[in-house]
There are 2 protein chains.
Amino acid sequence: MTERAYHHGNLRQELLERAWATIDGDGLDALSLRQLARDVGVSHGASARHFADRTALLDAIAVTGFTRMNDALAAAVTSETTFAGQLHAAGLAYIGFAVDHPAILDLMYKAKHHPDASPELAALSRASMVVVNELVGEAQARGEVRSGDIERQSLVVFAAVHGVAALATDDLLDGVHWRDAAEATIDAVLSSLTGVDAP
Amino acid sequence: MTERAYHHGNLRQELLERAWATIDGDGLDALSLRQLARDVGVSHGASARHFADRTALLDAIAVTGFTRMNDALAAAVTSETTFAGQLHAAGLAYIGFAVDHPAILDLMYKAKHHPDASPELAALSRASMVVVNELVGEAQARGEVRSGDIERQSLVVFAAVHGVAALATDDLLDGVHWRDAAEATIDAVLSSLTGVDAP
DNA sequence: CAGCATTGTTGTCAATGTCTACTTTCGGAT
DNA sequence: ATCCGAAAGTAGACATTGACAACAATGCTG
């Protein structure tokens, strides 16, 4: 690899990747803009050309996180054909992402929450909920799910899945493997949606 | 009120209360040890006599938080007599605490998570889960809940409730009042536990 | 009341995020 | 080709922060 010239050429991307790795590995508190600059081999003020401040960098990482998670969700949904199968796949994908990247997921929701988050971020953060909404809506139209307010029903599903994710990342599963907890929880809400007992 | 002498007399407690108020009001990031000292009217090094470092202070606040939450849970459980009633009351109490003190709840789980958290903290953090375990266990013994692994069943309940709490504090309920989401979710898991459809 | 542990104070240090002024490089218009 | 402005990176400064150490005031116990 040739010696880098004055202009880096790809600094923004490299900052994002390195910051992601640091947060993912050592947590959000372990990320310092100056250390990040040292890691990438650039002066401490360089990041300001690409991210106005620390929050802007974190927001960009949150966008990346939501994008990757939504991709994983979409892939999971298309990999199955039945309502139950899709719900399981999507739920496991969501929780799997949370288990693999707990610090990133925290950051994602924290970023989404702060007062002047970009509209892009807000939209992305709702996408996973929208996926569930569509799944439930279609299943209800096919008669597989009992009638009722779709959004309300979806909320229950999403809450349950999100809850297992939170429990898993907060070490509250107490020895139970997260897949087991996920399966049991999804089965539970599924049965309450369809009115059919899970096996 | 008389002018305070050299010795404060109750500094530890006052630091805790002020820090709680700051975090509860403006978030964890808004808490600075030096600003806290100024608020309380004491020099910037004073807190070190009571809390070794920032983490120690946060841990103490987490202990307070778990204690208050567990008290609220216990009160909720004793206020009802039926299994369904107790589960609803406990769930609403949990989510209510989360909605009232989102930053504190975050801190509680973050504190519990870090490597050298006190055993006291670890125990307190499991207490709410234990409450659910006992409720489910008793109900199962009375035949109100279908047979099965109690811990697994409790996990589903806890995950669902915790999930609604997370959704509520992360502004993902999209207009639905948290009580409604809570009721719906608790009904769903309840029906899957008892095998009886919720109304 | 003497001595000592406790509690609070003051000064210092390195690290951090942000800002400003400066330098180097790139790329398009002439 | 070259000039010139914009873009990208550098270097230095500043206030704030958490931690630490040396010191002073206080209260308790014998």
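**Notebook: helices, domains and chains**

I began with a helix pair: the axes of helix α4 (residues 83-100) and helix α6 (residues 119-141) of chain A come within 10 Å and cross at roughly 170°. That makes α4(A) roughly antiparallel to α6(A) (over 145 degrees counts as such). Axes are lines fitted to C-alpha atoms, for helices over the stretch in contact, with angles from 0 to 180 degrees between N-to-C directions. Helices are DSSP runs (H or I, at least four residues), numbered from the N terminus.

The model is predicted: local features need pLDDT of at least 70, side-chain atom pairs need 80 or more, and totals for chains, interfaces and linings use all residues. Residues are numbered from 1 along each chain as its sequence is written, and chains are lettered from A in the order written.

Next I listed the contact residues (C-beta atoms, placed from the backbone, within 7 Å). From α4(A), A:F83, A:Q86, A:L87, A:A90 and A:Y94 meet A:S128, A:V131, A:L135 and A:A139 of α6(A). I find seven nonpolar, two polar and no charged residues there.

Then I turned to the domains of chain A. The assignment gives domain 1 (1-52) and domain 2 (53-194). Their C-alpha centres lie 30 Å apart. Each domain puts twelve residues into the contact. On the domain 1 side, helix α1 (residues 11-26) of chain A gives the most, with six residues.

Last, I looked at the two chains. Chain B and chain A each bring 28 residues to their contact. On the chain B side, α7(B) has the largest share, eleven residues.

Notes:
Domain bounds come from an automatic or database domain assignment. Two residues are in contact if their C-beta atoms, placed from the backbone, lie within 7 Å. Helices (H or I, at least four residues) and strands (E, at least two) are DSSP runs, numbered from the N terminus. Angles under 35 degrees count as roughly parallel, over 145 as roughly antiparallel, 65 to 115 as roughly perpendicular and the rest as oblique. Ala, Val, Leu, Ile, Met, Phe, Trp, Tyr, Cys and Pro count as nonpolar, Asp, Glu, Lys and Arg as charged, and the others, Gly among them, as polar.
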